[in-house]
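Let's take a walk through this structure together, one piece at a time. Keep the 3D view open as you read.

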Amino acid sequence: MAVEKKQPRVIVFSTPSCPWCRKTKMYLKQNKIKFKDIDVSKDMSAARDMVRMTGQQGVPVVLIGNRPIVGFNKPLINKLLGIK
Amino acid sequence: MDFSLGSLQESKELKDSYDLIILGGGPAGLTAAIYARRSGLSTLVVEPLITGGNIASTEKVDNWPGDTDGVSGEELANRFTKHAERFGTEFLYDDITEVNLSGNEKIIKSGNKSIKSKAVIIATGTHPRSINVPGEKEYKGHGISYCATCDAPFFKGKDIVVIGAGNSAIEESLYLLNFVKSITFIQDLPYITAEKILADEIQKKENVKFYFEHLVKEFKGDGNKLTSVIFEDRKTGETKEIKTEGCFVYIGLIPNTNLYKGQIELDKYGYVIANEDTITSTSGVFAAGDVRVKNLRQIVTAVSDGAVAAYEAKKYIDKLNGGN
């Protein structure tokens, strides 16, 4: 019997009015992926962490495990989370 | 702010065919959906991103009649969406990959789905124009941004540059000023092109500076992030450099019409050629909102187009079905 693999930790760095952030979160919810949403407009230290980690000064950034993904990169998100 | 899927639910089971498919779920597309559903047409809206179009990422809409104190773009986008949902519009949130607009049966391909309709309303809007100078691609997301409401928090307390001085540039800059220390505008024309109320408001601010009749030539960086913008005085040819870690680009829009090339008439900028009646060169295809050739691209003109397009689509479908 196939054993379902545990979903890796997923964090979405976002701002409330960023359309690609909403698209990303909508996509994860539709695929029943649990994630933590960090609003970088409210959490400036998280914003700094994100920039340090990725060099990226724009959202969304999706952290899957330890792998940061910049923007809504559907193929890469699918690959890392096993979404078919 | 809570992220709610409330108004962004994809329809569970899509049909193979609809009376009307609306491409794009901005103000034009959603208004078309409201009118189409009220006239009894089965209607599918296909939206690649999120509904609301460009207003969904606009901090504040201050010229929507009836909202006397202004309204957040996100809220207005959600209201439009819920209104279209209330009348039974179906939604597909996915890329539009291929269209076949000729003949009486239109075919829209989205992902692995192929859906037919009798009529199509194109309401796919526009996206921000790139400036196409060296360094832009390299430092996009590393100091260069096209969306203030998305990326403003990363530039808190910094001296930034905004390229352009049209409505979008000034509206977004008024929002950016809540975060940044100062804004230097670089504008190719000799004046602010935004409407007067916005121009007056930005000029009252003490921490803004304008370079008129200057052109951006290059973005420079340290390999990781933007460090300066190189620009040129159009009158003297003098090259200047301004040190900055942040630059927002608002130099106009490009219509999202690549998919329709060769199937409907577009003007030289790529906008769909259609009159006030929204009727395009292809039978059964209508164009509404910012994607259409027009002089004023606003929410009110988009929703007007949407209503007209739905009315014309209904007339077309009735005729196709052998009615009056």
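Two strands pair if DSSP finds at least two bridges between them. Helices (H or I, at least four residues) and strands (E, at least two) are themselves DSSP runs, numbered from the N terminus. What you are looking at is a predicted model, in which local features need pLDDT of at least 70 and side-chain atom pairs count only at pLDDT 80 or more, while totals for chains, interfaces and linings use all residues. Residues are numbered from 1 along each chain as its sequence is written, and chains are lettered from A and ligands numbered from 1 in the order in which they are written.

With pairing in hand, start at a hairpin in chain B. E12(B) and E13(B) form this hairpin with four residues between them, and Gly223(B) in the turn has a positive phi of about 100°. Strand E13 covers residues 226-233 of chain B, and seven bridges join it to E12(B) in an antiparallel run. You can pick out individual partners here: His214(B) is bridged to Asp233(B) in E13(B), and Leu215(B) to Glu232(B).

Now widen the view to the sheet around the hairpin. Three strands of chain B form an open sheet in the order E12-E13-E14, with antiparallel pairing. Its edge strands, each pairing on one side only, are E12 (214-221) and E14 (239-243) of chain B. From one strand to the next, the twist averages 25°; axes here are lines fitted to C-alpha atoms, for helices over the stretch in contact, and angles run from 0 to 180 degrees between N-to-C directions.

How is chain B divided into domains? The assignment gives domain 1 (17-127 + 253-320) and domain 2 (130-249), with bounds that come from an automatic or database domain assignment. Taken over C-alpha atoms, the centres of these two domains of chain B are 32 Å apart.

Next, find a pair of helices in chain B. Two packed helices are described by the angle between their axes and the distance between the axes. The axes of H1 (residues 27-38) and H7 (residues 299-320) of chain B come within 7 Å and cross at roughly 40°. H1(B) and H7(B) are therefore oblique to each other: angles under 35 degrees count as roughly parallel, over 145 as roughly antiparallel, 65 to 115 as roughly perpendicular and the rest as oblique. Residues of H1(B) that meet H7(B) include Pro27(B), Leu30(B) and Tyr35(B), and among those they meet in H7(B) are Ile299(B), Val303(B) and Tyr311(B). By class, this contact of H1(B) with H7(B) has 14 nonpolar, three polar and two charged residues (Ala, Val, Leu, Ile, Met, Phe, Trp, Tyr, Cys and Pro count as nonpolar, Asp, Glu, Lys and Arg as charged, and the others, Gly among them, as polar).

Turn to chain A, where four strands in the order E2-E1-E3-E4 make an open sheet with mixed pairing. E2 (36-39) and E4 (67-70) of chain A are the edge strands. E1 (residues 10-14) of chain A pairs with E2(A) in the parallel sense over four bridges, and Val12(A) has Asp37(A) as its bridge partner in E2(A).

Finally, where do the chains meet? In all, 23 residues of chain A are in contact with 24 residues of chain B (two residues are in contact if their C-beta atoms, placed from the backbone, lie within 7 Å). The largest share of the chain A side, seven residues, comes from H1(A).
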